[in-house]
Amino acid sequence: MVSILFLDVEGAFPNAVKERLIHNMKKRRIPRAYVKFVEQLLTGRMTKLQFDDFASELMAVDNGIGQGDPLLMILYIIYNADLLEITDATERKGALGYVDDVAVLAVGEDFDETVTMLKHMMEKEEGGQQWSDDHNSRFEVSKSVVLHATRRRQRDPMNRRRQIPLDRPPLILQGQVVKEVESFKYLGIEIDSELRWQAQAQRGLANATKWVQLFKRLTRPSTGVNAKLMRRLYISVALPKMTYALDTWYTPPDQARGLSKE
């Protein structure tokens, strides 16, 4: 049994603390020159609000990490790196994260065990909640979700011929019940509770069909793009879009050894 907790960090970039980021960079032995550069980059910043015909006076920005710059994305990965280490590095626990998208998972014999493990990882000393407090990054429990993954089922006590999902105990964090879902889109991949990837396969097929139709329009004989340029565009743009994370969820058809294609 596997239970996955998908965490939602409220105001991730704006709430980041510069001093904590610098501390984390030094902790991970990033060269001093880079640390100094980042410290200067995030010091003495100014901004202003502008909408319609109004523009405010310049205001000092003394907190947060900006968004939109690839470097700042990397800085936030360093900022929340400690959160990915709350699992004790065992085979039955794990954490995945990209910037502010974090998933914590637990593997157990039943869902009572996995839910207990998730709760412990979040509430223990130097766990998820302490990381939240130390990094000024509040978890929005109402937006976080938990997914319980297994293909096992149990007999319906009301109808012995019928199979129903296994019982799933609630995960309670900060006094709130975390919402349970049957599927969740994480980093562009639709993860379902039985890990059959049917929803993701349908999404991938629809995405591939869309891109093929777009390229058909671009290859019209009279007004289309040059074939050489179209090939370059197809390889550099269309293929990555259609095959995104394919090695995660797609299993290609296999042929038994010794059998011919005929």
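Predicted model: local features only at pLDDT ≥ 70, side-chain atom pairs only at ≥ 80, totals over all residues.

User: OK, what is the volume of the largest pocket?

Analyst: The largest pocket has a volume of about 270 Å³, where a pocket is an open set of points on a 1 Å grid over the protein atoms alone, where a 1.4 Å probe fits, with protein on both sides within 12 Å along at least five of seven lines. The volume is the space filled by probe spheres set on the points, which are joined across faces, edges and corners.

User: And which residues are closest to its centre?

Analyst: Of the 15 residues that line the largest pocket, K27, D82, E126, G127 and Q130 are the closest to its centre; a lining residue has an atom within 4 Å of a point. By class, the lining has nine charged residues, three polar and three nonpolar, counting Asp, Glu, Lys and Arg as charged, Ala, Val, Leu, Ile, Met, Phe, Trp, Tyr, Cys and Pro as nonpolar, and the others, Gly among them, as polar.

User: Which helix gives the largest share of the lining of the second largest pocket?

Analyst: That is α6, with five residues, helices being DSSP runs of H or I with at least four residues and strands runs of E with at least two, numbered from the N terminus. The second largest pocket holds about 170 Å³, and its lining includes Q200, G204 and A208.

User: Which residues of α6 are buried?

Analyst: In α6, Q200, G204, A208, W211 and F215 are buried, meaning under 20% relative accessible area, whereas exposed means over 50% and partly exposed in between (1.4 Å probe, protein chains only). Seen down the axis of α6, the buried residues fall within an arc of 70°, taken from the directions from the axis to the C-beta atoms, so they line one face of the helix. On the other side, Q198, Q202, L205, K216 and R217 are exposed.

User: Switching topic, where is V102?

Analyst: V102 sits in strand β7, residues 101-107, and V102 is buried, at a relative accessible area of 1%. Leaving aside neighbours within four places in sequence, V102 has contacts (heavy atoms within 4.5 Å) that include L5, F6, L7 and Y186.

Methods
Residues numbered from 1 in each chain as written. Heavy atoms only, no water.
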